[in-house]
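Thanks for coming, everyone. Please look at the screen, and I will walk you through one structure.

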Amino acid sequence: MKKLFAIVSAIMLSVAGYAQNGNVGEFTVQPMVGVTYTSAFNHTFEAPGKVETSGGYGFTLGADLGYRVSNVFYPTVGAHFIQSRVNFDVYGADGNITTGGLAVPVLANFNISGMRLGVGVQPTFNLSKSEKELTEVENADAINKTAIAIPVVFGYETASGLTLEFRVAYDVNKSVDLDDAKPQAADAITKLQTNNLTGMFTIGYKFKL
């Protein structure tokens, strides 16, 4: 019985060691899906009336490809579809700006006993955009086609390979950049500039290739 217990324990430890740390020289792929919450973290408004902003929810799905350089360090490159929505209160009417983009996060990751910490750079190429109650933004094509963000990742990987992650990405360039010196109407927004901050909570699974 003791021998059986020792064998089972050794197997469990080896599986856990692989799932959490992997083997040097291995490639891994980690598909994931989750929810997003985006806010206009840094913003400038100029309008005759009152404009307020609040965060909005969306979704994300994608995958990261990684390479195990050492037992602790592994870089990854990913492809993720990210939906971002920021809500606005424009003169008492509810509005929003929604974008859907292809993000390519390039991260340096550190994994110790299943805990993941990563940081890097993330260009996002907007594939779709829409607005509500913000026609000036849409007409002026003020929603940036490409956003450059700094992502930070906090995550945990179980012994079976299940992953839970929280990512936060701050757009270093303007997500929205409208500066209209000659507004079309007296009640128009004359300036709206935002740098968005997007939080993403995902669940995934890591496979070796």
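Strand β6, residues 115–132, pairs with β7 in the antiparallel sense, over 9 bridges. Strands here are DSSP runs of E, at least two residues long, numbered from the N terminus. Two of them pair if DSSP finds at least two bridges between them.

A word on the source. This is a predicted model, where local features need pLDDT of at least 70, side-chain atom pairs count only at pLDDT 80 or more, and totals for chains, interfaces and linings use all residues. Residues are numbered from 1 along each chain as its sequence is written, and side-chain values use heavy atoms, with hydrogens and water left out.

How confident is the predictor? pLDDT is its confidence in each residue, from 0 to 100. The mean for the protein is 83, and 81% of its residues reach 70 or more. Over residues 7–21, though, the pLDDT is below 50. That stretch still has 23 contacts in the model beyond near neighbours in sequence. Contact means heavy atoms within 4.5 Å.

Back to β7, residues 146–157. On the other pairing, β7 meets strand β8, residues 162–171, again antiparallel and over 9 bridges. Phe 154 has Phe 166 in β8 as its bridge partner. β7 and β8 form a hairpin, with 4 residues between them. In that turn, Gly 161 has a positive phi of about 105 degrees.

Next, Gly 78, in strand β3, residues 73–90. Is Gly 78 buried or exposed? Gly 78 counts as buried because its relative accessibility is 6%. The cut-offs: buried is under 20% relative accessible area, exposed over 50%, partly exposed in between, with a 1.4 Å probe and protein chains only. Gly 78 and Val 104 are 26 residues apart in sequence, yet 5.3 Å apart in space, C-alpha to C-alpha. Beyond four places in sequence, Gly 78 also contacts Ala 63, Asp 64, Ala 103 and Pro 105, among others.

Last, the cores. A nonpolar core is a set of buried Ala, Val, Leu, Ile, Met, Phe, Trp, Tyr and Cys residues joined through side-chain atoms within 4.5 Å. The largest has 14 residues. Phe 88, Ile 97, Leu 134, Val 137 and Leu 192 touch the most other members. β3 gives the most to this core, with 3 residues. A second, separate core has 5 residues, including Ile 82 and Met 200.

Definitions and conventions: pLDDT is the predictor's confidence in each residue, from 0 to 100.
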